Amino acid sequence: MRESTGERWARRVVLGLLTLFVLAPLYVMVSSGLKPLRDVQGAFTWLPSRVTFEPFVEMWQTVPLGRYLVNSLLVASSAALVSVAIAIFAAFAISRYRFRGRQLFSVTVLSTQMFPGILFLLPLFLIYVNLGNATGIELYASRLGLTITYLTFSLPFSIWMLVGYFDSIPRGLDEAAQVDGAGPLRTLFQVILPTAVPGIVAVTVYAFMTAWGEVLFASVMTDEHSRTLAVGLQGYATQYNVYWNQAMAASVVVSVPVVVGFLALQRYFVAGLTAGAVK
Amino acid sequence: MATTTAPGPVRPAGRPAEDGPPSRRRRRGVRRSYLPYLLLVPAALLELGIHVVPMLVGVWMSLLELTQFHIRDWSTAPFAGLDNYRVTFDLDSATGRDLLHSFWVTTAYTTLSVGLSWMLGLAAAVFLQRPFKGRALLRTLFLTPYALPVYTAVITWTFMFQRDTGLVNHALDQLGLVDGANPPFWLIGENSFVALLVVSVWRSWPFAFLCLMAGLQNVPAELYEASAIDGANFWRRLRDVTLPMLRPVNQVLLLVLFLWTFNDFNTPYVLFGGSAPRQADLISIHIYQSSFVTWNFGLGSAMSVALLLFLLVVTAGYLLVTNRRREHA
Amino acid sequence: MAVAALLTTASLAACGDSGSSSEGAAKTLSYWASNQGASIEFDKQTLQPELDKFEQQTGIKVNLEVVPWSDLLNRLLAAATSGKGPDVVNIGNTWSASLQATNALIPFDDATLARIGGKDRFVPAALAAAGAPGKPPAAVPLYSLAYALYYNKKMFADAGIAAPPATWEELVETGRKLTRAGQWGLAVEGANPAENSHHAFTFGQQWGGEWFDSAGKPTFDTPQNVAAVKRYIDLMAVDKIVNPSNAEYAQNQSVADFANRKAAMLLWQAAGSNFKAQGMSPEEWGVAPVPFPATPPPGGKKVNSMVAGINIAIFAHTENRDGALQFVKFMTSDAEQVILNKTYGSLPSVKTVSADPAFQAPEQKVLGEVLAATAAPLPQVPEESQFETLVGTAMKELFADAASGKVVTEALVKEKLGVAQQKMGS
């Protein structure tokens, strides 16, 4: 099947424009991070008047970026791991069993994704505070509370994607394992999970990114010690000045790990999505 | 993708046959019957505790006159019945009119953002189907906005949209598209809607691209070959082969994007710093202002409940229509 | 059912004051400070040595968190709602009555005031901005501030202007002379609702308007208030002495513009230390009181600033009220008042040290005179924070209109203020 000349040009133009659109903010982020403060306060320039790494140094002082980074890493990775573990069990149940309430569970869990965050933000906050007072477990303004909150944000989509993925794994494999005397959990761990690695990776990446990027709950449910990057990065607009160059430098630093991680695992993500969500 | 979405019970058809369970299962049925429930317990507890119960509390709040005089001790808050809802829907009051305005802004924003994201995603997916040099690089590049944390992306756009110091006006001026002495504003006034839309599309089209690309991988090459032999041109192939094959993907994708965009809080909150201009007053930020900034949590909750009901109705309607169409198809 | 049970526990816990904050130990306090200096880090470095002194004196350790202004009100609200938060907090003094209405702060009645040195220590105007009239204050003043007119001496000299303007008419005339390529007469913070509402108050007073009547009902769209707001917006819309770009300023870019010689005048509170931080030396700028109209409109008051400042308050949920009071006493003591206000360029809130040499610089003298004679507190009503948000946002929209070349008519101003007022009612 040959590509006509018209098609080729259309392809070049469309892909070229999309490339520019995608690149523009990435370019601004990187180039402004290399500019002195004066450059970002005056009219925009494509190139720095002089290339400086000062913003990358100063950004750690203007706001406690290091602590925010550690908080975000801890919260996002624990939320991702726990969310995926829970999703695996739930997806296994839904994919491999027919039971009363199965449909109800699926519908309820998925519809929670429709709830406007603002509706349950304040109630959740109060529940955390009161649970904390009753049990002594700090949920409010702690990384633990934030982790629990975030893992529920990614849970429904994770379950749903994994159910799709598990469904695509031939049931014959289960049967064979059962003939060999494996119980349900052994079947899950020894047969299904190894086959479902792409799906699990995809879901983990998704859960991590969900937690890494959340703003609304982070702004109310954290204090200085548990603050994450999502809120902390706003600190570059101080009482005196907006340090755009440092904000851009910090954006580069906090984006690189997720972007690299995601892009390195994108193959799995596409595979997981193909088998799961969009079959 | 916080508080994002995933659609309701739309898992595509084609589940493995299990309606006639194997006899083995029936034999062990008694012992197994509790196992699925046990496996679901953690997920169910978490969703119940973090979403459902707080949501019900939110519904309760919407029935109270919960202002600054009562937030510290809810037992003193007078029961307001449906008063908050009355204010919410009262189009003679400034509050009701503004909410309706915000609803229309959000509807226009969602429609345009989802439509454009889908079109860009489809264009990129289709044009990247054929192997060429640099294809893998472009695919990676196109996925980057999706991987970027929301706030870094939006903070960068905020900087780009600054009137005097931003890239957007500078580039438009160099292209001769705006008057350099009197450049337009992007973060206040009429253009703020456009700015918000651009940021939203920039963030969501890669997701459409990802899903459509995954969907296209399932289209057998023979279908294209056959249609090429029939002499079908690009548009015919798109219409007769690609789009029909993508229908299941689209059903899910459009719904996900719709819910995600309609509820989007992060983008306007970071872009406009807490309070959006009237022209870009999305409903999520409007409700945030109505509850947190003016300390009227009863009213804010009533608005949220109304929003939730609207989304439920739209989603249910959408699923009914698309599923029926699929059955007829 | 579960909801009802949860709610009951929520309310019980909330009214029972059982919310613990400082983990039981009577020897610690937690304190949220507002961001007064160049950065959060700067404030920490400023305050920590003082907190160490306090620990030496009393054995009470104070855990400090400096909260950015963008978060402070939300965090206070969350603390008030849940009974979970710090023992001692800084609040913007304009929020005093709003927070007072939540009953989350301890009232400073005469007996309580006596324990921190007595009511008479405090500057009366500052103490008047710490809660609704007729009620015990919900806080005590910590740092006092006022608005003043800052001007660039060199630009004035270059344009042959001898003295800073004393009336708005003169300010406009001066501003026109100073507006030329790359330079503007005046800088304003047009997209910042709080700043806008402060000016709405001052202009309103000068034009004979009130934002709330004696019963506490909002009166936003009276002809006086409309004229006052229009006068302020017209500095950009009609007089064209303000860069239209200022309509999107919300992060103190107007201060940066003044410090970077892009604007010749600025209306601000204690901006001197800020200029210095941005590399503008004290000789370069002068300071004068905020102007008045040349002929006062009927009913106009001789007010050219709000009583601005920061108050310090104690949360009622504290388990260490004695320690908290000791800490407030320490922060309002003569020695600390001098050290802290000197660092921040603000004025002491106690009368005893106002004569200290630290506050005799020209800037502090002007601010002190304004505070003593021509400053008035913002309306001390529970809905004050809503007033700031709604009126300030309406003015932000008006600035946006003016900046994009739309004609800002009286009818438009009245309409926007009317909508803001309606929203107060709901």
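In this predicted model, strand E5 (residues 147–152) of chain C is joined to E8(C) by four bridges. The two strands run antiparallel. One bridge pairs Tyr150(C) with Val287(C), which lies in E8(C). Both strands belong to an open sheet of four strands in chain C. The order across this sheet is E6-E7-E5-E8, and the pairing is mixed. Strand E6 (184–187) and strand E8 (285–288) of chain C form the edges. Each of these edge strands pairs on one side only. On average, neighbouring strands of the sheet are turned by 20° against each other, with direction ignored. A helix also packs on this sheet: helix H15 (residues 362–373) of chain C. Helix H15 touches E5 and E8 of chain C. The direction of H15 makes about 15° with that of E8(C).

Chains A and B meet in a contact that takes 92 residues from chain A and 101 residues from chain B. On the chain B side, helix H3 (residues 35–61) gives the largest share, 18 residues. The side of chain B that touches chain A can also be divided by class. It has 67 nonpolar residues, 26 polar residues and eight charged residues.

One helix pair links chain A with chain B. Helix H1 (residues 5–32) of chain A and helix H6 (residues 135–147) of chain B have axes that come within 10 Å. These axes cross at roughly 50°. The angle makes H1(A) oblique to H6(B). The crossing of H1(A) and H6(B) is left-handed. From H1(A), the contact is made by Leu15(A), Leu18(A), Thr19(A), Val22(A) and Leu26(A). From H6(B), it is made by Leu138(B), Leu141(B), Phe142(B), Thr144(B) and Pro145(B). Eight of the residues in this contact are nonpolar and two are polar. No charged residue takes part in the contact of H1(A) with H6(B). An α-helix has 3.6 residues a turn, so residues three or four places apart point the same way.

Chain B also holds helix H7 (residues 150–160). Is this helix enclosed by the rest of the structure, or open to the outside? Eleven of the eleven residues of H7(B) are buried, so the helix is largely enclosed by the rest of the structure. The buried residues of H7(B) include Val150(B), Tyr151(B), Trp157(B), Phe159(B) and Met160(B). Thr152(B), Thr156(B) and Thr158(B) are also among the buried residues.

Terms used
Residues numbered from 1 in each chain as written. Chains lettered and ligands numbered in written order. Predicted model: local features only at pLDDT ≥ 70, side-chain atom pairs only at ≥ 80, totals over all residues. Axes fitted to C-alpha atoms, helices over the stretch in contact; angles between N-to-C directions. Parallel < 35°, antiparallel > 145°, perpendicular 65-115°, else oblique. Left-handed = near helix turned anticlockwise from the far one by under 90°. Contact = placed C-beta atoms within 7 Å. Nonpolar A, V, L, I, M, F, W, Y, C, P; charged D, E, K, R; others polar. Pairing = 2+ DSSP bridges. Buried ≥ 20, exposed ≤ 12 C-beta atoms within 10 Å, placed from the backbone.
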